[in-house]
Amino acid sequence: MGRPRFSIASLLGVVVLVAVALAALRDPTDAWDSGVLGLILLILLTATLLAVHRRDRKRAYWLGYALFGWVYLLVSQVPPLESRLPTTKGLVNLGASRSSAIPQGIVEADLDNDGWVDLLFTNASAPSVVYLNNGNGTFRQPTSTNTAPGGNPTPSFVLWRRLMGTGGTPENFVRIGHSVLALVLASFGGFLSRRLYDRDRIGIAAGGDHPSDGRRRP
């Protein structure tokens, strides 16, 4: 079985979709929510039409693509079923972590009287955060000050907050996440369906079945 090949157009399409998904997740407003859902519906409708009109390997790919995508998207739109999806809890936690603190301002002052300028970050929806200057270009948090009940933020958490921003609502974030996951699962379903099709074709060829009448060769 040969390696999967990608055209320039398909790669550009993937780049555009990834850019749209990241932009929507960074600022999950109602406009992004409805826009991403509309885009996913258009893609899945196109995949359904391609599954009907294409043949052989291409039909197998688009059939799996449409089936996996539609099933996940429809399930994620039904509240009783959506709440039971394992991906829902993960999206809720990510949406809550990115919007837990909205920076309002930064104060520069020597808070511990050591001659170095320290930083105080004030937030609208979380306790203020103090960073004490170590004097060597790095900062530390005093043990008595935490950014949240869980303690100091890890570098990965800080990077996540910077990449994803703090705008929008957690509800829209979850819905946009489900739409993006529907497209990811659709792609997985397409590759899986095409792989199963190729395996069946190889099995038929190895068994010596005649391609036209299905009879086994002597």
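Is Trp62 buried, partly exposed or exposed?

1. Trp62 is partly exposed, at 22% relative accessible area. Buried means under 20%, exposed over 50%, and partly exposed in between, with a 1.4 Å probe and protein chains only. Tyr61 is buried, with 13% relative accessibility.

2. This is a predicted model, where local features need pLDDT of at least 70, side-chain atom pairs count only at pLDDT 80 or more, and totals for chains, interfaces and linings use all residues. Residues are numbered from 1 along each chain as its sequence is written, and side-chain values use heavy atoms, leaving out hydrogens and water.

3. Rings of Phe, Tyr and Trp (its six-membered ring) pair if their centres lie within 6.5 Å; planes under 30 degrees apart are stacked, over 60 edge-to-face, and the rest tilted. The count by this rule is five aromatic pairs. Tyr61 and Trp62 form an edge-to-face pair, with 5.0 Å between centres and 85 degrees between planes. One aromatic cluster is formed by Tyr61, Trp62, Tyr65 and Phe191.

4. His178 lies in helix H7, residues 170-207 (helices, H or I, at least four residues, and strands, E, at least two, are DSSP runs numbered from the N terminus). His178 is buried, at 2% relative accessible area. Beyond its neighbours within four places in sequence, its contacts include Tyr72, Ser76 and Leu91 (contact means heavy atoms within 4.5 Å).

5. Arg26 belongs to helix H1, residues 8-26, and is partly exposed at 38% relative accessibility. Arg26 and Gly95 are 69 residues apart in sequence, with their C-alpha atoms 9.9 Å apart in space.
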